[in-house]
Amino acid sequence: MNLYQEIILEHAKRPHHAGLRDPFDAQVHHINPTCGDEVTLRVHLVGEDGSAMITDLSYDAVGCSISIASTSVLADEVIGHSVEDALTSFSAMRRMLTSKGLDPGDEDEIGDGVAFVGVSKYPARIKCALLGWSAFTDALAQAGVDITRYAVRSNTVTRNTPEIT
Amino acid sequence: MPDAALSRAFTAAESAAIRGDFAILSRTVRGGKPLVYLDSGATSHKPRQVLDAERAFYEQHNSAVHRGAHQLAEEATDAYESARATVARFIGAQTEEVVFTKNATEGLNLVAYAFSNAAAAGAMDGVDARVAARFALGVGDEIVITEMEHHANLVPWQELARRTGATLRWIGITDDGRLELDDLDTVITDRTKIVAFTHVSNVLGTINPVAAIVDRARAVGALTVMDACQSVPHLAVDVVDLGVDFLAFSGHKMFGPMGIGVLWGRYELLKAMPPFLTGGSMIEVVHMEGSTYAAPPQRFEAGVPMAAQAVGLAAACDYLSALGMPRVTAHEHALTEALLAGLAQRPWVRVIGPADGKDRGGAVAFAVDGVHPHDVGQILDDSGVAVRTGHHCAWPLHRRMNLTATTRASFAAYNTVAEVDALLMALDRVPAVFGVAV
């Protein structure tokens, strides 16, 4: 199976930028109701709206290797980048994950995120890979960014999805 | 057959014959690997006999039950009511005590709503005052559940407590996954009106001490509601022997179709209960100003019922009866013992629930040190082994065990020891993939 690429396992074992830090502008808590995985995530922005710079993204996550690693990659990809660039990365990541294997992902846009291409063939795991990223877009919105301007829809936000028996 | 033969595991030849009835078991998954299906606790597969019964209903008798004057309507009604009788026999019940629901969840909600609906003006008119009093629930009254309940036997009682002002209390569980029986006398008190508990835990596999719980509930005059989803498919269940007041189970976990479940209740209680869902079929007389309702079980079966599923469920009961429930139990017990023994040899695996097979059903949940259950399940799936991962709709139970999730294997009559071995072999791949020392 090509799901667990070495780079994913590395991120899962030693997640980058992990831990909750101050200062921050918004903090969100997202869960995956099917498995109980959770992430608490903070963003700190300098500047206004799209051109604002993400100076920090910190998180505390409990979850499977896919969700932990994906959140680690998220931090790598967005810290030190503008909100606009970060949301472009989000869209690219989501496009790849929901492509059923057709979109190999672009390393320029999502960095180590391309290692998650195998996830797109396992629909049950897409939510795992998007948990941190969905929390991130929610945190941006709560920090006052108008994320709708960047064609980010909340259909991947797991927080309010119904329980699955 | 001598008695011993009635309660032993299936022979290899018998197992092969059983597996032959389930077409899906011969398919492959994940690039040609034989399917090893160990997720029957979530839903079981359906034998040809059940599918044939449904098909025959649709091809020969399909019509709306309890309506119409034509021959097909008669046949469909007869098929539906005969199915009710078969299901009733299977659990030792009277036919009119069996209510068909869409699943066990609906059955449990039906009972929960009877309590809050009973408070409406006129809802209990004409009901014997002594019986009506048992459904009166309000501030100061208590509902008792257990910490090992599936959400289906937990959330409806939380909601009932919220609607009525009653208090929800629960019996705790021990570290090895049994009920804290010391809690029985302190948690179940004169204030208790309802005791709702699972017969067999869908996570821990624990078979609960029904007699002790029922005795205590009776002593304080509380009604008992049993979630039998994980027992009816695996153990001989007799509602009279159990002594509970209500019992709910689903069809799809016992080789029956999806979309049908059963609520059994003592007739005296069903007769006193106000309806849950209302509409066609469940009425006696309807006027613009108001209506009166049919006697149970029709009172609780609003709308055109799921006749084909009822016929399929009856076929599933017949199938299990033909296998012999004591043999089903013995067979699954042997598989459970084999799995527990195999897991015990792997110190990096921790079983959540009773470590031995005593008073234990065939749901075996476990944690692999340092590896998330989703990742464990993914590796097993890659070997063709289907298990459940997550909290299995028992989140408070997992929290009690200091876990967010577990991996769960669960058995049905069609599983084999070879499949237990396949699970263990696949499991042995897990530490290496995730770099966990063993």
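1. Start with strand E5 (residues 142-146) of chain B: it runs parallel to E7(B), and three bridges join the two. One spot to look at is B:Glu142, which sits opposite B:Thr192 in E7(B). Keep in mind that this is a predicted model.

2. E7(B) also pairs with strand E8 (residues 223-227) of chain B, again parallel, through five bridges. Here B:Thr198 has B:Asp227 of E8(B) as its bridge partner. Going from E7(B) through helix H9 (residues 210-219) of chain B to E8(B), you get a right-handed β-α-β unit.

3. How many residues of strand E7 of chain B are buried? Seven of the seven, over residues 192-198, so the strand is largely enclosed by the rest of the structure.

4. Over in chain A, there's an open sheet of three strands, ordered E1-E2-E3, with antiparallel pairing. Strands E1 (26-32) and E3 (53-62) of chain A are the edges, each pairing on one side only. Ignoring direction, neighbouring strands of this sheet are turned by 20 degrees against each other on average.

5. Within that sheet, E1(A) and strand E2 (residues 37-46) of chain A are joined by seven bridges and run antiparallel; A:Ala26 faces A:Val43 in E2(A). Helix H2 (residues 65-78) of chain A packs on the sheet and touches E2 and E3 of chain A, its direction making about 170 degrees with that of E3(A).

6. Last, the contact between the chains: chain A puts in 16 residues and chain B 18 residues.

Conventions. Residues are numbered from 1 along each chain as its sequence is written. Chains are lettered from A and ligands numbered from 1 in the order in which they are written. This is a predicted model: local features need pLDDT of at least 70, side-chain atom pairs count only at pLDDT 80 or more; totals for chains, interfaces and linings use all residues. A residue is buried if 20 or more other C-beta atoms lie within 10 Å of its own, exposed if 12 or fewer, and partly exposed in between; C-beta atoms are placed from the backbone. Helices (H or I, at least four residues) and strands (E, at least two) are DSSP runs, numbered from the N terminus. Two strands pair if DSSP finds at least two bridges between them. A crossover is right-handed if, with the strands pointing away from the viewer, the path from the first strand over the helix to the second runs clockwise. Two residues are in contact if their C-beta atoms, placed from the backbone, lie within 7 Å. Axes are lines fitted to C-alpha atoms, for helices over the stretch in contact, and angles run from 0 to 180 degrees between N-to-C directions.
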